[in-house]
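Subject: A structure for you to look at

Hi,

Here is the structure I promised to pass on.

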Amino acid sequence: MTLSLWQRRIERAQELAGQHAFAAEILAFYIHVARFQEDLHHRLSLALPQPSSPDSTNQEFTSTELSALGSRFSSFLSVAETYGPKPLAELSRELSARGQDFWSDLLAGTWITPSPSDAQSFLALAFLQPYAELLRSRAPLRTGRHTYAFCAFCDRKPGFGVLRQMGDGAARSLVCSFCLAEWEFRRLVCPGCGEENDKKLCVFTASEFDHIRVECCDACKTYIKSIDLTKNGHAEPLVDELASAPLDLWAHEHGYAKLQSNILGM
């Protein structure tokens with residue numbers, strides 16, 4: 001039986017939660033989020049027609065879209081309140097009391113905002129992510145924008161990178177932090193500022209995550225993590241990136257800022 005994308009992510013999250021106690025809480029929460037996202041993806045694929053424009057993530061919701069999404073947001077808040085870390089659970093409880101009009105404004109605003117900056121927007125982003133992924137799967141992917149790091153579908157920054165075998169080496173791709181589109185990107189270029197001087201581009205790894213690279217730029221002081229599938233072919237990049245929070249802590253302590261937080265705001 002072929003596993004869905006979400007089922008593969010869930011199985012990987014369960015595996016990593018058993019290996020890394022420090023990641024158990026956030027991965028347990030992610031498992032519930034992923035189950036909800038898979039169900040939402042299925043419901044929306046049946047309820048909403050093909051979009052009229054290939055750039056739907058850059059346009060405001062139609063009334064049909066907002067109605068279909070808004071009717072499920074309360075259920076998502078219940079998941080976050082029940083299973084999320086304490087701060088997120090408290091925020092979800094507060095948002096639940098705000099009502100439908102506030103939820104609609106929050107979802108609509110988050111949808112067209114490239115870089116959410118507050119906790120409630122990241123919560124909305126996690127809810128909206130499966131719809132962005134659905135729209136991206138239905139649209140042709142634009143190519144050719146490889147100098148700076150913006151998603152070729154929704155123009156958002158990447159959440160992480162992926163290294164895959166190519167010839168005797170490995171090629172790097174970037175993965176969108178929202179719709180999870182993937183596009184090729186040169187390895188010796190900073191995705192934050194375009195820096196190409198290898199003396200300013202540093203790579204760090206840790207023994208517990210030897211397949212994850214912290215790729216830092218000393219020109220703009222940003223970093224992104226890349227999951228090296230040539231070293232661990234069983235990794236699910238979205239999940240492995242989420243589980244490797246200690247690498248984010250290390251990077252922050254050394255003065256680097258993450259290029260873009262993941263869908264859980266980390």
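Below is what I found in it.

First, a caution: this is a predicted model, where local features need pLDDT of at least 70, side-chain atom pairs count only at pLDDT 80 or more, and totals for chains, interfaces and linings use all residues. Residues are numbered from 1 along each chain as its sequence is written, and side-chain values use heavy atoms, with hydrogens and water left out.

The protein chain has eight helices and seven strands (DSSP runs numbered from the N terminus: H or I of at least four residues for helices, E of at least two for strands). Its C-alpha trace spans about 50 × 40 × 40 Å along the principal axes. Of the 266 residues, 51% are buried, meaning under 20% relative accessible area with a 1.4 Å probe and protein chains only; exposed is over 50%, and partly exposed is in between. Among contacts (heavy atoms within 4.5 Å) with a separation of 6 or more, 61% join residues 24 or more positions apart.

Most residues other than glycine have a negative phi. D155, however, has a positive phi, near 65°. D155 sits in the loop between helix 6 (119–138) and strand 1 (158–166), and is partly exposed at 28% relative accessible area.

L180 also has a positive phi, near 65°. Look for L180 in the loop between strand 2 (169–176) and strand 3 (182–184). Is L180 buried or exposed? L180 is buried, with a relative accessible area of 13%.

Cheers
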